[in-house]
Amino acid sequence: MSQIDHRIRLNDGHSIPQLGLGFWQLTPTEAEAVATEGLAAGYRLLDTAEGYSNEEGVGAALARSNLQRSDIYVTTKLRNAAHSRDAVLREFDASMEKLGVEVLDLFLIHWPRPAQDLYVEAWKTLIELRDQGRIASIGVSNFNEDHLQRLIDETGVTPAVNQIELHPGFQQQNLRQVHQRLGIVTESWSPLGQGGLLDNPAIGAIANRLGRTPAQVIIRWHLQQGLVVIPKSANAGRIRQNADVFAFSLSDEDLAAISALDRADGRVGPDPRTAEFSF
Ligand code: A2P
């Protein structure tokens, strides 16, 4: 884990870069600038979603990049309103068109929407697309243990990744243990607590001692936990700063001090059990 292109092995034989860039809440124009800046800073994982309405911006940056396609890892996520088989196929084609890629590296079901109860149908369709060679790896986001178990029981296919809200204020130890048991890689969204952890005194003390910023300390914590981490920033300087996390490490004491920040009620985003919004 000494470099930005360090990859983690998935249960399907592929591998994912451990540090990436998130694209939530960016316009297409901002997304293009962020992706271009990020690739120049060395990021190799770009994480967008149909629901972010900015895939075309990421696609424009990919088209302009001189990097090999195989060096860049592209993730997008299925729109919440599109869990039926027909809708998955339609929205997937639209995503590929906007991103301008032949094969997608990772496609995730964005939220389970349990009350709607179509996520197994969506998962079966992702399996179909993977078996056709249009997606390398398939996974989910915001799935709890019961949702994961149901996918496995009904299809025999275990998601490669579950991308969940995870940061020092909400560390998800139970779900991470489930992932370990099932062979699922954990990916952290809102890894900085949507910025809310950056003025935490315990993190500030570590940052001061190491001559680093709070964001760098938190990103380093994710990396040293073996998590895939996708901080988001719209600012070029902070994008570069967040990638500069391979020339220092946190001690066991630092890790323990950050682990002590975990809170049962520390969630900053929606709860997957009740989140039924349809973007
Ligand atoms: P900005 O886009 O203006 O840089 P998360 O990834 O947990 O959702 O956090 C994203 C939030 O954290 C955004 O508001 C982003 O603001 C802010 N942020 C990201 N990186 C840094 C950084 N290095 N220093 C300060 N704020 C940051």
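F277 is partly exposed, with a relative accessible area of 32%, and F279, at 26%, counts as partly exposed too; the class lies between buried, under 20% relative accessible area, and exposed, over 50% (1.4 Å probe, protein chains only). This is a predicted model, where local features need pLDDT of at least 70, side-chain atom pairs count only at pLDDT 80 or more, and totals for chains, interfaces and linings use all residues. Residues are numbered from 1 along each chain as its sequence is written, and side-chain values use heavy atoms, leaving out hydrogens and water.

Let's stay with the rings. A search of the whole structure finds five aromatic pairs; rings of Phe, Tyr and Trp (its six-membered ring) pair if their centres lie within 6.5 Å, with planes under 30 degrees apart counted as stacked, over 60 as edge-to-face and the rest as tilted. Y119 and F143 make an edge-to-face pair, 5.3 Å centre to centre with 80° between the planes. Y119 sits in helix α4 (residues 119-131) and F143 in the loop between β7 (135-141) and α5 (145-155), so their pairing ties together parts 24 residues apart in sequence; helices (H or I, at least four residues) and strands (E, at least two) are DSSP runs, numbered from the N terminus. Y119 is buried at 3% relative accessibility, as is F143 at 0%. For F277 and F279, the ring centres are 5.2 Å apart and the planes at 85°, so this pair is edge-to-face. Together with W111 and W189, F277 and F279 form one aromatic cluster.

Now to the sheet: it is open, with eight strands in the order β3-β4-β5-β6-β7-β8-β9-β10 and parallel pairing, where two strands pair if DSSP finds at least two bridges between them.
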